[in-house]
Amino acid sequence: MLTWSARRILAVVPVLFGVTLAVFSMLFLVPGDPVKIMLAEFVTNPDQVAQMRAQLHLDEPILQQYARFVTGAVRGDLGTSIRSRRPVTTEIGENLASTAQLALAAMVVAVGLGVPLGLVAALSRSSWLDVASMAAALLGVSMPSFWLGLLLIFVFSLHLAWFPATGGGDLRHLVLPAITLGMIAAAIIARLTRSSMLEVLGQDYVRTARAKGLGGFSVVVRHALKNALIPIITIFGLQFGNLLAGAVIVETVFSRPGLGRLIVGGILNKDFPLVQGVVLFVATAYVLINLLVDVAYAYADPRIRFG
Amino acid sequence: MDLAQRLARHRGALVGLVILGGLALMAVTAPWLSPRDPIRTAPRAALQPPGSTYWLGSDQLGRDVASRVLHGARISLTVGLISVTIAVALGAPIGLVAGFYGGRLDGFVMRVLDVLLAFPGILLALAIVSVLSPGLTNVMIAVGLSAVPAYARLVRGSVLSARENLYVEAARALGSRDPSILARYILPNVVAPLVVTATLGLGTAILASAALSFLGLGSQPPQAEWGRMLAEGRDYLREAWWISTFPGLGIMLTVLGMNLLGDGLRDVLDPRLKV
Amino acid sequence: MRPFRSSTWLVVVSALALLVLGGSLPRLARAQAPNTLVLGLDQEPPTLDPHASPSAVTYQIIASVTESLLYKGPDGKLVPWLAESWTTSKDGRSVTFKLRRDVKFHDGTPFNADAVKFNFDRIVDPKFKAGGARAQLSGYAGAKVLDEFSVQVSFETPYAPFLTYAAAGTLSIVSPKAVRESGDQVHTRPVGTGQFTIKDYVAKDHTTMVRNAAYTRKAPWSDRSGPAQLETVVWKFIPEAGTRVTTLESGETQGVYNAPAQSLPRLEKNTAVRIDKAPWPGVPRIWLLNVTRPPMDDVRVRRAINYAIDREAFLATVYKGTGLKAISPLTALMLDDPSLKAAYPFDAVKAKALLGEAGWQPGGDGIRTRGGQRLEIVLNAIEYGGGTDPTAQLIQSLLHEVGIDVKIKAQARPPWYEDNYRCATHGPVMFLRATDPDGVFFLFHSSLVGGNFNWSCVKNPKLDALIEQGRREADQGKRRAIYLSIAQLALDEALTVPLVDELSVWAFRSGVQGVKYNFNAYPILGDATLRK
């Protein structure tokens with residue numbers, strides 16, 4: 001187990017290096033002079049341009065710049081935001097909790113809605129319930145999250161005034177964004193649950209268990225469910241990454257503080273260091289979360305380790 | 001053709017095809033079908049509810065929502081098609097070469113793909129747009145490029161499994177050359193999952209580009225693009241729900257059609273496809 | 001160890017249910033202290049320090065927290081406030097204020113001539129990052145403490161606008177001790193002498209002010225002496241217009257600023273709500289035309305644009321019920337004259353004729369061309385993240401009618417400012433709150449090209465001379481004539497396209513009474529009461 005984990009963890013390192021390289025190169029792929037583009041608001045006399053260039057170490061040889069970038073990232077220094085003049089890590093730190101909250105709450109919604117829906121569809125087998133549930137799931141997967149968000153705002157904020165339409169902070173502000181973000185993931189999970197459950201239910205061992213008269217419906221379902229959930233867990237990490245990315249849009253719809261608004265603001269502000277820092281952070285988090293899920297999952301299911 | 005027959009009998013795929021056909025028709029005939037010029041403002045007729053004068057209502061500047069929705073179909077379908085074309089045109093060859101020739105080339109390509117796939121969802125597209133600066137063309141490029149790794153991986157996977165096939169070994173033993181092996185044994189294995197993924201991917205691309213436009217990073221005024229229309233209608237949700245609702249419906253129907261068709265193709269081509 | 005026991009997801013589902021149910025309980029009114037007024041603002045102020053803010057929203061709040069030497073109400077008359085009386089010197093270069101003796105700052109320190117000197121010196125100090133206040137002390141030559149309650153403020157040249165500015169929130173007086181000791185907190189806890197003190201500030205959410213019980217005087221706008229009636233006022237920052245209005249309708253707030261035009265019909269029908277509309281002094285919503293950038297360097301093109309813009313279009317949509325036609329670079333409250341009204345009636349035919357005269361002939365795709373070049377203009381707009389400013393889109397559409405292709409460059413504020421400083425586009429749409437017609441100095445004086453706010457990039461010696469003259473002229477009648485000439489010259493040269501005289505729109509629940517407004521149309525809450 002340990003060697004497997006160690007190998008898995010080590011495999012992540014080159015990927016992370018690759019990620020830093022990709023993010024680092026962003027600045028150099030900008031058509032035009034990135035320094036001039038960044039220096040809005042602060043007048044562009046040649047001295048200030050030169051000063052900023054020196055500040056960003058853009059005069060040094062590229063390899064040295066990259067080394068500086070990577071060592072900085074490892075130490076937790078992701079540069080300074082051009083607009084706010086504050087360290088990027090501070091900006092991320094202030095916004096991280098809100099996004100993490102949203103992603104987690106959305107995950108709860110996704111699983112809490114998706115799994116039961118998929119189960120209902122699988123167990124009711126070809127009745128109208130199955131068709132209806134899957135139709136709903138299909139709609140969910142096709143729906144743009146920003147449209148769903150606006151619909152929810154329309155009904156629950158503007159008309160019923162049950163939940164606020166914008167802002168962050170407490171639980172009330174979390175509900176609508178979490179439902180928006182989670183519903184679409186719920187649809188994906190519902191479809192997956194259904195197909196996975198159907199496959200498992202058709203397996204020999206299930207039929208055998210039934211034939212043996214093993215305690216009826218719930219026992220069979222429990223056994224089948226545990227196996228059916230395996231592919232769902234597999235995509236757990238993938239879904240979380242999608243939720244992180246989807247949070248960008250949902251946060252904008254609900255004017256909710258978070259990494260999403262940070263990055264969109266950074267792009268509109270031409271604040272390259274900020275955008276780079278956030279992208280690097282999210283990508284790294286995604287890689288590490290996937291790693292964690294893989295390791296936890298392998299610990300739980302020995303077949304993965306040795307199979 | 002057997003395939004077409006099977007497809008025609010698949011209800012979901014049929015519905016999808018009908019939806020897409022309708023949308024394509026709307027998109028192509030938009031200039032003639034639109035009751036009014038989509039970008040022409042009529043300030044005194046602002047915020048009219050749907051009715052006999054304005055079928056789907058008028059927006060905050062008096063523009064005809066119906067005309068804008070029609071033209072939006074055009075933009076969305078075009079953007080989706082171009083994005084997917086970019087993704088396939090770049091991704092498929094990479095996957096093909098990596099999978100077929102294997103070895104160190106494959107190893108290298110896999111590393112690069114792993115890195116690119118470390119950027120979840122829309123993040124890669126956002127990073128590319130930040131470099132290129134906002135605009136619809138750049139969004140097309142960004143969405144297209146960000147999908148390349150997925151297609152490359154997919155094609156590589158298909159090539160690898162096809163390579164294991166006994167036929168291939170036999171053909172090699174008989175002295176067949178690479179190009180003919182590629183053409184006769186590998187490519188047919190690749191086409192099916194590629195078509196399914198591309199169809200589904202079309203929906204994803206349209207969603208992504210609409211999302212980027214919603215954020216203000218894509219289409220520019222006065223373009224009648226669905227994502228932008230949704231964003232503009234946001235301030236008027238209470239008083240004029242139609243401004244955001246119809247473009248949103250448009251996006252949903254389009255993606256729904258793609259999903260139905262894609263699912264149908266998958267069921268018909270090979271239900272066991274792990275796509 | 002198996003992943004996901006069925007009991008686990010039972011817990012998960014229950015948690016979800018609780019989440020949804022918990023939020024669906026009819027919203028209990030937030031436990032507010034009695035006699036608390038909750039107001040919704042459309043922006044968060046960049047700072048609450050009156051000397052450091054460039055933004056009008058600060059002064060909505062500050063109007064009840066700090067006080068100035070003089071006060072100017074909606075009637076436009078200057079009356080004593082922290083200064084009991086004042087005299088201007090014969091040469092017009094200095095003003096001597098006799099100060100009240102019974103005033104203390106919220107932190108207990110005394111208000112006196114030293115405090116006044118400290119405040120003004122602070123504003124002009126190059127190490128201090130001042131906001132709009134700095135420009136109001138142009139030519140400041142120092143303040144001399146004559147005795148404990150007399151101070152003489154001097155300028156290098158006669159400076160007529162000073163008295164008006166001395167009545168504005170930008171030059172209000174804060175506690176020197178607080179400035180010296182509180183460091184960064186000056187931005188969130190300004191210490192003044194007014195009827196309310198700032199109790200807390202939660203970034204991106206709200207700021208709270210509470211009654212100053214030690215206030216014993218009679219405020220200039222009031223009939224009674226003593227502290228404010230309200231105990232607490234909470235200013236919430238609610239940038240999203242739809243939400244803001246909803247909070248008013250639901251009672252979560254009892255007043256909101258800037259309800260959008262489209263919500264007004266509904267609010268006006270609502271008997272529980274009343275709407276206060278007030279004009280404010282300054283520069284109206286205006287498009288500044290960059291006269292240095294072709295094709296706008298041709299005055300005929302600029303005049304054509306003025307004829308092509310139908311101001312009614314704005315009043316029928318974005319500013320429906322919240323504005324009046326703007327006729328000059330100064331709002332009608334500051335300067336009104338028939339000659340200005342007649343300047344550029346909407347006339348698309350004339351616009352086209354002028355463009356033709358300038359050599360721009362109708363082109364194939366509806367856009368005019370001259371020598372193979374298309375008539376293109378770049379409008380600098382602010383991107384609010386989502387929809388583009390409808391004003392910009394209207395301009396684009398109206399000019400399209402006469403054959404001009406307007407490209408909207410939508411960006412966030414910092415790059416927007418930069419493009420304005422560098423005269424890099426054909427001009428932005430903006431507005432300015434200004435207490436004195438001297439506001440045109442910031443708009444048109446050649447020294448401010450590349451700064452705030454000469455974004456028409458105009459360098460006109462005749463205009464400069466008039467503006468400088470207006471600063472020096474003490475006589476009201478003569479001043480008005482000078483500013484009229486300035487406005488007429490600006491219109492004739494078509495340096496701008498005045499769009500809409502926006503009104504300040506405050507909507508209150510009917511239980512809120514006694515809200516007054518100062519000359520700048522900022523609400524003053526000293527006499528406000530709340531009846532539930």
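Guide: In this predicted model, strand β5 (residues 94–99) of chain C pairs with strand β7 (residues 150–155) of chain C in the antiparallel sense, over 5 bridges. Within that pairing, C:Thr96 stands opposite C:Gln152 of β7(C). The two strands belong to an open sheet of 4 strands in chain C, whose order is β4-β5-β7-β6 and whose pairing is antiparallel. At its edges are β4 (83–88) and β6 (140–147) of chain C, each of which pairs on one side only. From one strand to the next, the twist averages 20 degrees.

A helix accompanies this sheet. Helix α3 (residues 113–124) of chain C packs on the sheet and touches β5, β6 and β7 of chain C. The direction of α3(C) makes about 170 degrees with that of β6(C).

Over all chains, a search of the whole structure finds 34 aromatic pairs. In one of them, C:Phe97 and C:Phe162, the ring centres are 6.0 Å apart and the planes stand at 70 degrees; as an angle over 60 degrees counts as edge-to-face, the pair is edge-to-face. C:Phe97 lies in strand β5 of chain C, whereas C:Phe162 lies in helix α5 (residues 162–166) of chain C, so the pair ties together parts that are 65 residues apart in sequence. Both partners are enclosed: C:Phe97 has 0% relative accessibility and counts as buried, and C:Phe162 is buried with a relative accessible area of 1%.

Because C:Phe120 lies in helix α3 of chain C and C:Tyr140 in strand β6 of chain C, the contact ties together parts that are 20 residues apart in sequence. C:Phe120 counts as buried at 1% relative accessibility; C:Tyr140, at 12%, also counts as buried, since the cut-off for burial is under 20%.

Elsewhere in chain C, strand β10 (residues 232–237) is mostly covered, with 6 of its 6 residues buried. In a regular strand, side chains alternate between the two faces of the sheet. In β10(C), C:Thr232, C:Val234 and C:Lys236 point one way, C:Val233, C:Trp235 and C:Phe237 point the other way, and all are buried. Strand β10(C) pairs with β1(C) in the parallel sense over 6 bridges, and C:Thr36 stands opposite C:Thr232 there. With strand β9 (residues 206–211) of chain C, the pairing of β10(C) is antiparallel and runs over 5 bridges. In that pairing, C:Val210 stands opposite C:Thr232.

Helix α7 (residues 241–250) of chain C has 8 of its 10 residues buried, so the helix is largely enclosed by the rest of the structure. Those buried residues are C:Ala241, C:Gly242, C:Thr243, C:Arg244, C:Val245, C:Thr246, C:Thr247 and C:Leu248. They pack against β1 (36–41), β11 (255–257), α8 (264–269), β12 (273–279) and β20 (496–509) of chain C, together with α7 (145–159) of chain A. Just after α7(C), C:Gly251 takes a positive phi of about 95 degrees.

Nonpolar cores complete the account. The largest has 155 residues, and those with the most contacts inside it include A:Val19, A:Phe146, A:Ile263 and B:Phe119. Helix α8 (residues 178–214) of chain B supplies the largest share of this core, 17 residues. Leaving aside its neighbours within four places in sequence, B:Phe119 is in contact with A:Val19, A:Ala22, A:Val23, A:Val279, A:Ala283 and B:Leu124. A second, separate core of 109 residues includes C:Leu355, C:Ala392, C:Ala410 and C:Ala490.

Charged groups also meet aromatic rings. The charged end of C:Arg471 sits over the ring of C:Phe441, 3.7 Å from its centre. In chain B, B:Arg36 lies over the face of B:Tyr54, at 4.1 Å from the ring centre.

Methods. Residues are numbered from 1 along each chain as its sequence is written. Chains are lettered from A and ligands numbered from 1 in the order in which they are written. This is a predicted model: local features need pLDDT of at least 70, side-chain atom pairs count only at pLDDT 80 or more; totals for chains, interfaces and linings use all residues. Side-chain values use heavy atoms; hydrogens and water are left out. A nonpolar core is a set of buried Ala, Val, Leu, Ile, Met, Phe, Trp, Tyr and Cys residues joined through side-chain atoms within 4.5 Å. Buried means under 20% relative accessible area, exposed over 50%, partly exposed in between (1.4 Å probe, protein chains only). Contact means heavy atoms within 4.5 Å. Two strands pair if DSSP finds at least two bridges between them. Axes are lines fitted to C-alpha atoms, for helices over the stretch in contact, and angles run from 0 to 180 degrees between N-to-C directions. Rings of Phe, Tyr and Trp (its six-membered ring) pair if their centres lie within 6.5 Å; planes under 30 degrees apart count as stacked, over 60 as edge-to-face and the rest as tilted. A charge sits over a ring if NZ of Lys or CZ of Arg is within 6 Å of the ring centre and within 35 degrees of the ring normal.
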